Amino acid sequence: MHALKLLSAFLKVNLQMSLAYRADTIVNILLNLMWLGWEILSLNIIFSNTQTLGGWGFGELIALLGVFRFVNMMMFALIWPNTEKFNQSIRDGSMDYTILQPVNSMFLVTFSRMVIWRVWELALAVVLIIVGVRLSGETTTPLQILTFGLLVLSGMVIIYSLWIVLIALTFWFTKFDNNVTILHALVDAGRYPATVYPAWLQVIVTFIIPIAVATTVPLQALRGELGLERMTLFFAAGIVSFFIASQVWKTGLKRYSGASS
Amino acid sequence: MLLIFKRLWQVNWAEQWQYRANLLMYLFYWLVSPIIYLAVWSSIATANGNVGGLTANDFTTYYMTLLICDQVTSNIVVHTFGSKVQDGTLSGELIKPIHPMLTNGLASNVAFKALTMMGLAPIWVILFFLFRPDFSQVTAFNVLLAIPAMLLAFLIGYLLSAALTSLAFWTTHIYSIHEFYFALILLFSGQFVPLSLMPPVIQTVAQYLPFQLMMYYPIQLILGKLSTAQILQGYLMTGVWLAISMVLFNWVWRAGLKRYSAVGA
């Protein structure tokens, strides 16, 4: 597979880049562990004062933290570094070289930069989800686990698609450097179940910056709170948003005319 | 000296004004977590009647006041100064016969704050109508008492961050050090939750640290939750920490300058 070969090449290059800064990598992982400690402590503080948060128990919030870490990892390992590179390439015109290559430009823009050490968060996220589900004492069927996984995936695709649309807007508005800040800012809202937020905030995190669709919704499926109709709706939303994003990207690309001309 | 500050203010104001769109985005980014904490804690208080004696309205007023306090007492030294040491642009400032950190750095921080305050004001009003906090316990006297406390706390925070950022003379890991520092603030300032709900150990330690002077103390002061003795104690702690942070900054700064040999020199 062409794409897989490219992907492994990108991985190799980025791994080499991060190995050049070993001390930084170690410090970053330590800081990451520190934040994990803080997250667990803060959940402890919350649950020493209450039994449930928006109807969710301690274990369920640990599981939610796991799902949140998935999304967070995508933000920091892929979206953030590639946005920086993309904005730079629009300003100085190096986007030319990306378009010249005989590969899907959206693919190149997505994967050319990776913060490799963040990969360990994947394992951490899985552990948190398993421990959380155990703690909550809920029984899960294989089917529920499957829908959970698919919903996490489709939620991440929705956020990814939003990102593509946001950076594609730079083709129209060149000075739109802050394109991703709005997405970045609201990610933290994924730490807690959307059901505790006031209605206006729920609308924002579900429909405008759909962070809750990637975090709260899959866990609702795992808890068996989600009907078949809504599940299909969320899957469909994932597919549709990806389709829309790639169309916006193509249309935007046609407007690109380099930085010097 | 006043003229110097006036000029520095004009320059820094103009500079920050250039980046007003960025500032607005920063403001938006910074607003999210207090609003989330507000939502989380007031929902818990509503569900349980109260949390450790605090009602939903107590949490709402707490975080609404925090939005202002944090904006007044926080600083951006690491962003304005850290890179100057790393890329050597500090040299140009060192030639001038004024202290770069205590004049230009201070002016740029205050200009930044003035602008973000302008952005925060309308957002705060909108949030006020969304959350409808009941501020009837707040008296003008308490607000007047809290203003000098917040300004002094800003100075403490500024000097501590400046001392910490001056470590850039020795190490390139300055942003990682600050990340750790931010975690300390989160833990001991009352940013996540009113300190009275924190585990007892953290509360005891927090009493002796400067971080609660930047948030918990002025917020409680404004909300009229402190006795006269507690108010005096807070001002005393502020004085002590101001002295400590001045000495600390001076010491690190002097030692750092001796090590500094600009990049490219």
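Helices (H or I, at least four residues) and strands (E, at least two) are DSSP runs, numbered from the N terminus. Residues are numbered from 1 along each chain as its sequence is written, and chains are lettered from A in the order in which they are written. This is a predicted model in which local features need pLDDT of at least 70 and side-chain atom pairs count only at pLDDT 80 or more, while totals for chains, interfaces and linings use all residues.

**Exercise 1.** Find which pattern chain B follows along the sequence.

*Solution.* Start with the count: chain B has 12 helices and zero strands. Then read along the sequence, which gives α-α-α-α-α-α-α-α-α-α-α-α. Now turn to the radius of gyration, taken over C-alpha atoms, and the globule rule, 2.2 Å times the number of residues to the power 0.38. Chain B has a radius of gyration of 19 Å, close to the 18 Å that the rule gives for 265 residues, so chain B is as compact as a globular protein of that length.

**Exercise 2.** Work out which helix of chain B gives the most to the side that touches chain A.

*Solution.* First, recall that two residues are in contact if their C-beta atoms, placed from the backbone, lie within 7 Å. By this test, 27 residues of chain B are in contact with 24 residues of chain A. Next, look at the helices: α2 (20-48) and α8 (174-188) of chain B each supply at least two residues of that side. Finally, α2(B) gives the most, with 14 residues.
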